[in-house]
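Please find below a short note on the model under review.

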Amino acid sequence: MARTQDRQEIMERAEKFDPSKHPAYSYRTDENVPAFPDDKALIVFDGVCIFCSGFAKFVLKHDRHNRLNLCTAQSDIGRALYIHYGLDPDNYETNIVIYNGRAHFKSDAFFEVVKLLGAGWSLLALLQIFPRGPRNWLYDRIAKNRYKLFGKAESCILLPPEHRNKILDMP
């Protein structure tokens with residue numbers, strides 16, 4: 001019963017909350033968010049989603065300037081950040097990218113990542129010329145169907161061991 005009530009409170013909070021209105025580094029003052037190194041951008045992704053984990057592996061391979069860390073939404077940090085930003089902590093409808101203390105969601109999160117990867121990848125950010133509404137509509141369609149389209153692992157997928165220092169708080 002308590003779990004249902006907690007979930008209902010989280011969902012009510014999520015419906016009223018606009019995560020873009022959070023001040024930079026607001027998670028630092030939230031006692032429910034474990035401290036984590038935020039000197040680099042952080043990608044919070046669904047660790048059991050094969051598509052999301054594939055994107056995480058792609059980021060690790062192409063982050064030549066060492067600008068990004070990652071953690072799964074299933075980890076203590078990931079779960080706490082989902083709740084902090086008013087998102088459902090059991091239904092990962094978006095990655096969260098925190099850069100310079102600000103959280104980015106959906107297509108904006110993707111564009112922050114490609115900009116941080118630099119080189120040719122940042123050219124993908126030119127797609128931001130399209131309005132956010134249609135971009136996020138497409139993002140939502142993929143996010144809602146990602147398990148059907150790409151599959152779901154039994155547990156969080158292990159990322160390459162040579163990148164363990166970039167993976168925060170694995171569950």
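Which helices each supply at least two residues of the nonpolar patch? They are helix H2 (50-62) and helix H5 (132-150). The model is a predicted one, in which local features need pLDDT of at least 70 and side-chain atom pairs count only at pLDDT 80 or more, while totals for chains, interfaces and linings use all residues. Residues are numbered from 1 along each chain as its sequence is written, and side-chain values use heavy atoms, with hydrogens and water left out.

1. Nonpolar patch. Ile-50, Phe-51, Trp-137, Leu-138, Ile-142, Leu-149 and Phe-150 make a nonpolar surface patch of about 690 Å². Such a patch takes residues with over 30% relative accessible area and no salt bridge, with nonpolar side chains (Val, Leu, Ile, Met, Phe, Trp, Tyr) joined within 5 Å. A salt bridge is a side-chain nitrogen of Lys or Arg within 4 Å of a carboxyl oxygen of Asp or Glu. Helix H5 gives the most to the patch, with 5 residues. Helices are DSSP runs (H or I, at least four residues), as are strands (E, at least two), numbered from the N terminus. Leu-149 lies in helix H5 and is exposed because its relative accessibility is 57%; exposed means over 50%, buried under 20% and partly exposed in between (1.4 Å probe, protein chains only).

2. Aromatic pairs. The structure holds 8 aromatic pairs. One of them, Phe-51 with Phe-150, is stacked, at 4.3 Å centre to centre and 20° between the planes. Since Phe-51 belongs to helix H2 and Phe-150 to helix H5, this pair ties together parts 99 residues apart in sequence. Phe-51 is partly exposed, with a relative accessible area of 39%. Tyr-85 and Phe-105 form an edge-to-face pair, at 5.6 Å and 70°. Rings of Phe, Tyr and Trp (its six-membered ring) pair if their centres lie within 6.5 Å; planes under 30 degrees apart count as stacked, over 60 as edge-to-face and the rest as tilted. Tyr-85 is buried at 1% relative accessibility, and Phe-105 is buried at 14%.

3. Ala-73. This residue sits in the loop between strand E2 (68-72) and helix H3 (76-84) and is buried, at 1% relative accessibility. Leaving aside residues up to four places away in sequence, Ala-73 touches several residues (heavy atoms within 4.5 Å), among them Val-44, Asp-46, Tyr-82 and Tyr-92.

4. Asp-88. The loop between H3 and strand E3 (96-99) holds Asp-88, which is buried with a relative accessible area of 5%.

How values were computed: Patches are made of residues with over 30% relative accessible area and no salt bridge: like charges are joined within 9 Å, nonpolar side chains (Val, Leu, Ile, Met, Phe, Trp, Tyr) within 5 Å. Accessible areas come from the Shrake-Rupley method with a 1.4 Å probe; for residues, only the protein chains shown count as cover.
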